[in-house]
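Have the sequence and the structure open while you follow it.

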Amino acid sequence: MAYPYVSDKEARVVSQGFGDPKQRRIDTYVERGGYGALKKAFGLSPDAVVDVVKASGLRGRGGAGFPTGVKWSFMPKQPTKPHYLLCNADESEPGTFKDRELMRWNPHQLIEGCLIGAYAIRAKHVYIYCRGEFFETNQVLARALEDAYAKGYVGKNILGSGNDIDVTVHQGAGAYICGEETGLMSSLEGRRGLPRVKPPFPAAYGAFGMPTTINNVETLCAVPHIVANGGDWYRQWGSEKSPGTKLFCVSGHVNKPGNYELPLGFPLASLIEDVCGGMRDGNSLKAVIPGGSSVPILNAEEAMSCKLDYEGCVTAGSMLGCASVIVMDHTTDIVKAVRRMVDFYAHESCGQCTPCREGSSWTAQIMRRIEDGDGTEADLDTLMQITQQMVGTTICVLSDSVAPPVQSSIKKFRGEYLARMKAARSTEVPVAVPAGVA
Amino acid sequence: MSTTPPTSAPTAAPSAPAPATVTLTIDGQTVTVPKGTTILEAAKTIGTKVPHYCYHPGLSSPAMCRLCLVEVEGAPKPQPGCVTTVADNQVVRTVSDKALGNRQGVLEFYLVNHPLDCPICDMSGECDLQNYVHAEGREHGRGVEPKRVFGRDDFGGDVLFYGDRCVMCTRCVRFMSEVEKDERLTVVERGNRSVIDTFFDEGLDGTHWSGNIVDICPVGALVSKAFLHKARAWDLEHTPSVCASCSQGCNVELHTRDNVVQRVKPRENLDVNGWWMCDYGRADYEWMNEGDRIEAPLVRQADGSSKAVAWKEALGGLLARAKELQGRPVKAVVSARASNEDLGALAELVGALGGGEIVYRSPRSAEEIVLQGFPTLARRKDLAPNVKGAELLGMHRVGADDATGGLDKVRAHDGIVVVLGDALADQDERFGASAALYVYVGTQLPVAARAAHVVLPVTTHAEQEGTFTNHAGRVQRFWPALTAPGMARPAWLVLGALVGELSGEAVPRTAADAYAALAEAVPAFGGLAYPKLGARGALPMISGAAVSSGAKGA
């Protein structure tokens with residue numbers, strides 16, 4: 001198989017079927033051991049399933065990295081109301097393209113993960129909230145779900161176990177904010193996709209007001225493997241705090257961009273050089289965003305020493321996020337790149353909270369002015385301050401996501417900004433001021 | 001989103017019976033409030049007003065304006081005071097450097113796209129954005145970018161929308177969906193392109209309560225067409241009053257300038273109208289400003305003409321004639337728009353003259369218009385403020401639902417006829433022509449008052465102090481907002497003076513005296529006095545129990 005690019009450094013767990021068109025068929029999936037973990041899970045108590053996942057140390061792959069087993073254990077043990085499991089498949093972080101591939105190539109792996117998760121949290125219904133733009137993915141998922149229903153893996157009395165679990169694929173309409181967990185719930189309920197204030201937390205009052213757990217696609221895809229092989233097996237990769245494997249979506253100026261499943265803790269330098277075949281055209285590295293556009297930018301020096309796990313990225317001055325590695329070579333215009341990211345946030349802000357609604361577009365306006373050569377050095381101070389005013393002051397963290405690219409780029413690439421300033425432009429023509437006008 | 005905040009454990013299972021109150025510290029002051037109170041409401045109890053836009057006590061709290069963020073010791077982030085409930089031993093700071101810095105930051109964001117057109121904005125002077133920025137905002141703005149422009153939109157009804165001024169608090173959207181329960185407004189688009197809009201061409205036409213969204217709009221985004229550019233907020237005098245448009249008795253404020261009522265605004269009273277009032281009551285104030293008023297007592301001369309005379313002369317002549325006729329049956333017609341004091345004085349006068357029959361006419365509508373989200377508030381069927389007061393005084397209703405007819409007996413009466421306040425619009429100049437004495441007490445001079453022997457000019461409720469009794473029996477005070485024209489005086493004073501002369505009783509000097517006399521004479525008004533009524537009214541007490549249960553706020 002030569003799914004766009006593969007590397008022998010990879011530890012392929014969830015990405016096993018990538019590039020294999022047969023994998024998405026239910027017969028092939030079952031032949032290769034699929035739905036075995038589901039049978040195994042049904043033989044355990046729900047709490048025992050949670051314990052296995054807890055033991056594996058699996059952390060949420062959507063970006064926050066919260067331990068999955070712990071999150072599941074927040075759900076009430078004695079359901080008095082319907083529970084829901086939501087699968088967040090609204091993958092829209094700039095730089096991320098792992099969930100789409102997981103669903104396209106191996107939809108049954110996700111369905112199996114959803115079923116095990118639902119069993120563990122005592123939910124009878126799973127919603128897979130799939131990004132609207134993923135047209136093909138939605139079709140693949142729908143087809144896979146139809147097959148799974150037909151074969152009795154989903155629905156009433158699954159595999160004669162007496163467990164009823166329904167799965168619904170819900171197609172979003174293309175809003176970044178609907179990937180925020182409470183925004184996703186609002187959207188799923190048929191309202192505007194507006195995040196809600198927490199508390200109440202989803203485990204107490206989530207979708208439709210019922211106890212709800214929400215997990216990322218990649219998280220749920222890892223679950224069948226963990227249940228089948230045990231928590232210790234998963235810990236053969238990664239570190240004590242960041243165990244297991246992770247899909248890295250590498251984009252940008254490398255020779256072989258793509259999805260690579262690597263053990264957590266993999267060195268970023270090796271990812272670029274060995275796995276991705278180095279920088280394009282032999283260019284030199286300028287900057288790396290290790291976790292999607294919402295995390296601070298690393299300069300080349302920081303990137304070279306960065307270990308790709310939750311702790312390693314923090315040590316390097318950034319965050320692992322959803323492991324969307326955007327690599328930029330020396331030809332990159334950092335100001336333009338950051339401006340483009342900020343434009344994205346300004347466009348995607350839901351508009352509820354004032355700091356985000358006004359701050360993101362104001363930041364974008366200033367960035368645009370600087371890019372156009374009309375900025376001043378004072379604008380940089382303004383940018384630092386207004387982005388700081390957007391951190392921790394809003395309902396969700398979209399607002400917080402504007403600050404990292406702006407602040408880190410100003411700190412680390414200040415020279416590029418200054419070179420853009422009005423004062424630095426040699427073509428500046430002094431404007432004649434009429435007498436009497438100060 | 002790249003980051004999904006961790007889900008935390010649901011609240012612990014209920015243990016021992018929880019204490020009913022919580023004690024915390026706000027800005028160094030110890031506060032004890034009922035459990036479940038929000039920080040914002042707890043702060044109010046010690047007089048600390050935490051700035052806010054999206055929060056309104058009558059609506060749900062989306063916690064989206066981010067202005068009420070306060071510092072809570074131990075919390076990693078500032079907490080929205082409007083939804084964060086108090087906890088024991090919590091330490092809250094609303095004016096710390098952090099809290100102030102945060103508010104200054106948020107206020108700066110509000111000004112990024114605000115047009116700052118205060119000089120031509122109706123809200124200027126009573127605008128929460130203006131007030132907060134003046135109090136806590138940055139000295140100088142840093143915004144140099146072009147501002148977003150939405151322009152102006154006619155929302156229908158009395159509401160005009162200036163999109164540029166909007167702070168996107170969504171109070172208006174929530175009022176329409178949660179209180180009026182008629183979803184006519186929504187937010188369209190997202191981010192800073194968000195704007196309040198109506199659905200297609202539907203607008204607010206046909207709604208009954210949409211005027212309230214103008215009141216709850218914290219800025220000048222929603223303004224009243226009727227009030228547009230009429231007066232500056234700082235020129236208006238605010239007088240507490242009671243709406244006279246139906247028997248609900250909504251507490252209102254009359255806003256006046258230059259002795260003209262410019263607008264009517266609801267006044268908070270959770271027992272009657274909450275924070276709201278209907279669009280009919282809100283629009284029904286022009287009559288208070290009418291200029292065709294009787295400004296002096298008029299006495300009919302031998303040749304049939306009328307002569308304006310001084311009060312002394314008018315009342316003197318009237319008394320002399322009344323004494324001659326004392327004992328002749330009296331027939332009186334009153335308006336249910338007259339105050340309890342006025343009606344009480346008239347009842348006393350009729351008694352002093354030897355007794356008779358008092359009737360009232362009042363318009364009625366076929367339907368009540370209930371405010372769905374605050375169902376104790378409705379535009380009542382009785383379209384006059386004091387029908388209950390008249391009934392309690394033993395007066396009875398005559399005529400049709402449009403307040404016409406029913407006066408045939410009075411019209412042909414040959415004894416004493418007294419009319420108080422009824423405009424007699426359906427009567428001609430022969431009305432009262434056969435009466436031995438016809439006294440017309442009113443504000444304007446209708447054709448049907450031509451035959452009156454004496455016409456006495458009195459004030460409207462906007463020009464005098466008094467009380468109305470609402471449909472639930474609640475007695476509520478109003479205060480004079482306007483100066484009465486010419487020699488017009490409150491009816492209780494005029495009629496009270498006549499009663500005093502006829503019966504030898506003390507003449508009431510103030511409206512409070514007049515009410516006290518009424519409370520003493522009529523048990524249904526008992527147990528109350530002006531100081532006890534306060535600005536929000538009360539139910540009369542008979543042997544310690546309220547006469548009828550009052551409407552409780554939702």
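A: Let us begin with one pair of residues in this predicted model: B:Val70 stands opposite B:Gln79, which belongs to β4 of chain B.

Q: What holds two strands of a sheet together?

A: Strands of a sheet pair through backbone hydrogen bonds, either parallel or antiparallel. In the present case, strand β3 of chain B, residues 69-72, pairs with β4(B) in the antiparallel sense over two bridges.

Q: In what order do the strands of that open sheet of five strands in chain B lie?

A: The order is β2-β1-β5-β3-β4 in chain B, and the pairing is mixed. At the edges are β2 (29-34) and β4 (79-80) of chain B, each of which pairs on one side only. Helix α2 of chain B packs on this sheet, where it touches β3 and β5 (91-93) of chain B, and the direction of the helix makes about 160° with that of β3(B).

Q: Which strands make up the open sheet of three strands in chain B?

A: That sheet has the order β11-β12-β13 in chain B, with antiparallel pairing. Its edge strands are β11 (237-242) and β13 (260-266) of chain B, each pairing on one side only, and neighbouring strands are turned by 30° against each other on average, if direction is ignored. Follow strand β12 of chain B, residues 251-257, and you will find six bridges joining it to β13(B). Along this pairing, B:His255 stands opposite B:Arg263, while B:Val252 stands opposite B:Pro266. The hairpin of β12(B) and β13(B) has two residues between the strands, and in this hairpin B:Asp258 takes a positive phi near 55°.

Q: Which residues of helix α3 of chain A are buried?

A: In α3(A), residues 46-56, the buried residues are A:Pro46, A:Val49, A:Val50, A:Val52, A:Val53 and A:Ser56. They lie on the same side of α3(A), because they cover an arc of only 155° around the axis. The helices against which these buried residues pack are α2 (36-43), α4 (68-73), α6 (107-120), α9 (217-229) and α10 (231-234) of chain A. After α3(A) comes A:Gly57, which has a positive phi near 75°.

Q: Is B:Asp117 buried or exposed?

A: B:Asp117 counts as exposed, because it has 12 C-beta neighbours inside 10 Å. You will find B:Asp117 in the loop between α2 and α3 (128-136) of chain B. The C-alpha atoms of B:Asp117 and B:Glu348 are separated by 57 Å, and these two residues are 231 residues apart along the chain.

Q: How many residues of chain B are in contact with chain A?

A: For a contact between chains, count the residues on each side and then ask which elements and classes supply them. Here 35 residues of chain B are in contact with 51 residues of chain A. Helix α2 of chain B, residues 97-112, gives the most to the side of chain B that touches chain A, with six residues. By class, that side of chain B has 18 nonpolar, 12 polar and five charged residues.

Q: Into which domains is chain A divided?

A: Chain A is divided into domain 1 (21-234), domain 2 (245-329) and domain 3 (334-424). Between domain 1 and domain 3 of chain A, the C-alpha centres lie 35 Å apart, and the contact takes 11 residues from domain 1 and eight residues from domain 3. On the side of domain 1 of chain A that touches domain 3, the residues divide into seven nonpolar, three polar and one charged.

Notes:
Residues are numbered from 1 along each chain as its sequence is written. Chains are lettered from A and ligands numbered from 1 in the order in which they are written. This is a predicted model: local features need pLDDT of at least 70, side-chain atom pairs count only at pLDDT 80 or more; totals for chains, interfaces and linings use all residues. Two strands pair if DSSP finds at least two bridges between them. Helices (H or I, at least four residues) and strands (E, at least two) are DSSP runs, numbered from the N terminus. Axes are lines fitted to C-alpha atoms, for helices over the stretch in contact, and angles run from 0 to 180 degrees between N-to-C directions. Domain bounds come from an automatic or database domain assignment. Two residues are in contact if their C-beta atoms, placed from the backbone, lie within 7 Å. Ala, Val, Leu, Ile, Met, Phe, Trp, Tyr, Cys and Pro count as nonpolar, Asp, Glu, Lys and Arg as charged, and the others, Gly among them, as polar. A residue is buried if 20 or more other C-beta atoms lie within 10 Å of its own, exposed if 12 or fewer, and partly exposed in between; C-beta atoms are placed from the backbone. The arc is that of the directions from the helix axis to the C-beta atoms.
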